[in-house]
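Here is a short briefing for a first look. Start with the sequence and the 3D structure.

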Amino acid sequence: MTRVAVAMLLLPAALAFCPSPPMSIRAHGTSRFPGAKLPAGGVGMRFGEFKRKAKQESEDDEDTPLLGGIIGPKKPEVIVAPEAVKEEVKVETEEEKNARNLADLLQKCEACRQGRDGTGEVSDSAWEELVETVALSNPTDDPATSPLMGGTWELAWTNEKEVRLLMNQGLFGEECVRVFQEIDTAKKTLGNNMIFTTDSSFKVQSNFRPGQGGPGGINNVRPRSDIFSFEFQSAKIRVRGFEVTLPPVGKGWGQQMYLDEKVRIQRDSRDDLSIYVRAES
């Protein structure tokens, strides 16, 4: 009896520290916490519900990573690398490069107004370098003796002082509107012409001897197919319809540095440089 009495006295204390009293001791639907209700089915049913809830939370974690995937599981991302785009690098041909240099030179000639503004924004050294680059691509063998020399050539640019002076200041107040050369390879004649407003002009006629002259002198015995010689035959100045003939004085030679169907580059015996384009017919 004594043992039973002691056990009865200790039972309330033991129940206080027991988190889940046996169902045989605790009545169904009751809790050791006052006011709390247990789910139907007892401890077994409550444990099953806990397992289902934990499984659902685990599945939710897999579908929605915590903090953008920094914390918690994250589905692996499959990155498909795009196909490599091959860019075709166009290599400029020698012919295209030569054409570009020639077009660049002619554009600069136009910007300098035939040489009225010198070389414009381009330095003298850069100008010479561009001219030499174009000359190296000369497509015509024996240019001075070529039939391509014949025809009417409009002045695109020159550094000849006398021509620049007349282009800038005019002739007795008349403005210069055109400068050109006329070469007749059959008659072997060369004419330099400057046209001004109000029926005014300045024209110099000379002969044309291809393959003669050059650095060795006008009567150079070693023919050069890139050089022609000339000697003035007549000179006329016309001002507002009134014409005056001048005595022809002067001779020299011209070296054809470049010649094609449309463009001609020449350096003469005074080291003057002139660039011409064929006149449109």
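Which helix and strands do the buried residues of H3 pack against? They pack against helix H4 (124-136) and strands E1 (151-158), E8 (251-259), E9 (263-268) and E10 (273-278). This is a predicted model: local features need pLDDT of at least 70, side-chain atom pairs count only at pLDDT 80 or more, and totals for chains, interfaces and linings use all residues. Residues are numbered from 1 along each chain as its sequence is written, and side-chain values use heavy atoms, leaving out hydrogens and water.

**Helix H3**
- Helices (H or I, at least four residues) and strands (E, at least two) are DSSP runs, numbered from the N terminus.
- Asn101, Leu102, Leu105 and Cys109 of H3 are buried (under 20% relative accessible area, 1.4 Å probe, protein chains only).
- They sit on the same side of H3, because they cover an arc of only 95 degrees around the axis (taken from the directions from the helix axis to the C-beta atoms).
- Gln107, Glu110 and Ala111, on the other side of H3, are exposed (over 50%).
- Just after H3, Arg113 has a positive phi of about 55 degrees.

**Nonpolar cores**
- A nonpolar core joins buried Ala, Val, Leu, Ile, Met, Phe, Trp, Tyr and Cys residues through side-chain atoms within 4.5 Å.
- The largest has 19 residues; Met167, Val179 and Met194 touch the most other members.
- E1, helix H5 (161-169) and strands E2 (176-184), E3 (189-196) and E6 (227-239) each supply at least two residues of this core.
- Another core, of 18 residues, lies apart from it and includes Leu102, Cys112, Val122 and Ile275.

**Around Met167**
- Beyond its neighbours within four places in sequence, Met167 is in contact with residues including Gln114, Arg116 and Leu155 (heavy atoms within 4.5 Å).
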